[in-house]
Amino acid sequence: MAYRVGVDIGGTFADFCAFDEAAGSIGTVKVLTTPDRPGQEVIDGLKALEDRFGIRPGEISYFTHGTTVGINSIIMRKGIRLALFTTENFCDVLELARLKMPDPYHLLSSRPEPLVTRDLVFGVTERMLADGSIDCPLDPDSLRTAVAAAKARGAEGVVISFLHSYRNPAHEREAKRLIADIAPDLHVFCSHEVRPIIREYERTSTAVIHGYVQPRVAQYLGALQTALSGIGVTPEPMITKSNGGIMSVEIGKTACVEMLLSGTAAGVMGAAFVAREAGEDRILSLDIGGTSADVALITGGQPGYGMNEIVGDFPIFVPTVSVTSIGEGGGSIARIDAAGMLTVGPDSAGSTPGPAAYGRGGTQATITDAFVTLGLLDLSALGYGMVSVDRAKAVAVIQPLADRLGTSLEQTAEGIVGIAVSGMFREVSKLCSRRGIDVGEFSLLAFGGGGPMMACFLARDLGMKRVIVPPAPGVLSALGGLTADVRNDFTETAYYDLVPETAPRIAATVSRLTKKARHWMVEEQQYQGTPVFHASGEMRYRGQSFEIEIPIDAAAIAKGDIAPVTEAFHTEHRRLYGHADPEAPIQIIAINLVVTGHSAKPTLPRSAPVCRPVTAATSMTAWLDGAWREVPLFARADLTPGATFASPCVIAQDDTTTIVPAGFSGEVDGHGNLILALSETADAH
């Protein structure tokens, strides 16, 4: 027997999904995270899989893992103490950034303190010009002075980010070699090795984030390898990446910046997989865990991708699945602010101590406590029985807020849920406005421990007509890791005009990147299949400040024909901005190449639906839409393909609870997905 196991570690729970390759079945479990002992939750979860399904570690043929250790190191400022070496007189690159306020609509908005404070930034005498020629050689004495000053200030590592190293990295390489001789105990990171992109701030910021987390991430991944080997898991573990792909854990030790958003991306890939299997073309995914709500647009079964995502307070410039994160998860804390207003998030109770209702020492009201107070959670099935929920403890933290507000207990708890939903409404509306889409044309696919609890309320406010809840929504991110392909991105700065004379340069760059990508896939990842290569160019009209990415027809370019890529650029520019100028000169700023090695995908079981109405065997008393009501309580296992049911109702299962307010009709499709349709006459709340 062989099992493929996917693991995703969130703010409160670690989720496990095991796919039986022979039977085609999927088994899932959850365990509580252990933030004080990173990696222990993986061992606990594998033990739970063995206890629940008889899956022994030696039977695991494939293991993939999404982790938050990197992003948590940034959020909690627990990385190593770094120094930054820049070209002399360019020491303020992190402070200057892009001279923009983080939130232009907030007058008190301010930029966060950089991960490398100004007293640890040192200029080094050297200068590379934009064409790659040397204006001033690297001065070893200047470098030695910087190293001595950095060590005197307690630096544990050094990031080297010199001007124009994307074009010619010789000075960064030489500086790294010299530092290894001068101070071999220092960790050294070069910006051109992390991400060789043209803009100085973006390249430096990305390199600093990488250096800040790399030692801790590498230590964690090494401990994971040792632990898995110790219990008999033999395959090389894989790690999910920010771009929705996977790579080996061994490579992940030195490519940490590529996996900072691994858990978030895995959830989107899982949602895309479910959407493809269900034949859904337009999806807004909603992943609500203990800390945040993450939303993403999926069209044609594929998520969008971006290059400028925020990790903690800082931007990273590596390819990522485009996700909008909102600080409103199940553990998000509700409080009354200085103006006497009820607010929710973004800080979270996490797993330790967690919501007060969990009885683990939590003393602050959370969204989960609000749902428990309202009687909307079936407490017997929460978190695979990992959590014992105490309603009295939830009421005890909600009641003081109600007293201060002068409202009833129920109104206060309902208000907490409503504020959280309104925050999601705001961010989704902004996302859809930026993309120019009508969210009413999309279905909302809800997952994570809290997604099914809140999805119908959000869909009702947004005017979305359908909510989809997959069979195991609480562990969909873990399933996403099992569906991800081996994938990597390569880039090289070009910065020249797109004219027939430059076609050979483009073809040579694509060939060079393809060779690198093939080596990475075959030699470093040991991929046995046939890799797929996709080249693109970051292009703009000359004089513009930013670029748009356009696919490159490698066969046409190899023949010297630039017409296909030129026309594609004009067409995309017209689509995005409403105009194009076929007479204007075009610049190609960078050439990117994505290599993908397709992995075997689980096949979700499908049954022919047998249409029949079902009624709940039991009910629960809950406060819903402003009143106490007797609400039918369904067991998810009883809702098999073809079942239809009415609202309001609550649907309980091991990994989450689905709350369906009035105005929705429900049915179950052939894959076991809940399809909740909002009636045309349902009132928005």
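1. Sequence separation of contacts. Take the contacts in the chain between residues at least 6 apart in sequence: 68% of them join residues at least 24 apart. This figure comes from a predicted model, as does every value below.

2. Secondary structure and overall form. The chain carries 17 helices and 36 strands. Its radius of gyration is 26 Å, close to the 26 Å that the globule rule gives for 685 residues, so the chain is as compact as a globular protein of that length. The C-alpha trace spans about 80 × 55 × 55 Å along its principal axes.

3. Burial and surface. Of the 685 residues, 57% count as buried. The chain exposes about 27500 Å². Carbon and sulfur atoms supply 53% of that area.

4. Charge. There are 57 positive and 77 negative side chains. The centres of the two sets lie 2 Å apart.

5. Main core. The largest nonpolar core has 135 residues. Those with the most contacts inside this core are Val42, Leu46, Phe85, Ile179, Ile506 and Ile591. Helix 7, residues 200–230, gives the most to the core, with 11 residues. In soluble globular proteins, nonpolar side chains tend to be buried together.

6. Leaving aside residues up to four places away in sequence, Ile179 touches Phe85, Leu143, Val147, Val158, Ile160, Pro184, Leu186 and Val188. Both Ile179 and Phe85 are on the list of residues with the most contacts inside the largest core.

7. Ala558. This residue sits in helix 16, residues 554–558. Is Ala558 buried or exposed? Its relative accessible area is 61%, and the cut-off for exposed is over 50%, so Ala558 is exposed. Ala507 lies 51 residues away from Ala558 in sequence, yet the two C-alpha atoms are 5.5 Å apart in space.

8. Asp92. The loop between strand 5 (82–87) and helix 3 (93–96) holds Asp92. With a relative accessible area of 36%, Asp92 is partly exposed. Asp92 and Leu178 are 86 residues apart along the chain, and 24 Å separates their C-alpha atoms.

9. Cis peptide bonds. Most residues other than glycine have a negative phi, and most peptide bonds are trans. A cis bond joins Gly345 and Pro346, with omega about 0°. Pro346 belongs to strand 22, residues 342–348. The bond from Ser647 to Pro648 is also cis, with omega near 0°. Pro648 is in the loop between strand 32 (643–646) and strand 33 (649–652).

10. Positive phi at His164. Phi of His164 is near 60°, a positive value in a residue other than glycine. Where is His164 found? The residue is in the loop between strand 9 (157–161) and helix 5 (170–182).

11. Positive phi at Gln526. Here phi is near 55°, again positive in a residue other than glycine. Gln526 is in the loop between helix 15 (503–524) and strand 26 (532–541).

Terms used: Residues are numbered from 1 along each chain as its sequence is written. This is a predicted model: local features need pLDDT of at least 70, side-chain atom pairs count only at pLDDT 80 or more; totals for chains, interfaces and linings use all residues. Side-chain values use heavy atoms; hydrogens and water are left out. Helices (H or I, at least four residues) and strands (E, at least two) are DSSP runs, numbered from the N terminus. The radius of gyration is taken over C-alpha atoms; the globule rule is 2.2 Å times the number of residues to the power 0.38. Buried means under 20% relative accessible area, exposed over 50%, partly exposed in between (1.4 Å probe, protein chains only). Contact means heavy atoms within 4.5 Å. Accessible areas come from the Shrake-Rupley method with a 1.4 Å probe; for residues, only the protein chains shown count as cover. Lys and Arg count as positive and Asp and Glu as negative; His and the chain ends are not counted. The place of a charge is taken as NZ of Lys, CZ of Arg, CG of Asp or CD of Glu. A nonpolar core is a set of buried Ala, Val, Leu, Ile, Met, Phe, Trp, Tyr and Cys residues joined through side-chain atoms within 4.5 Å.
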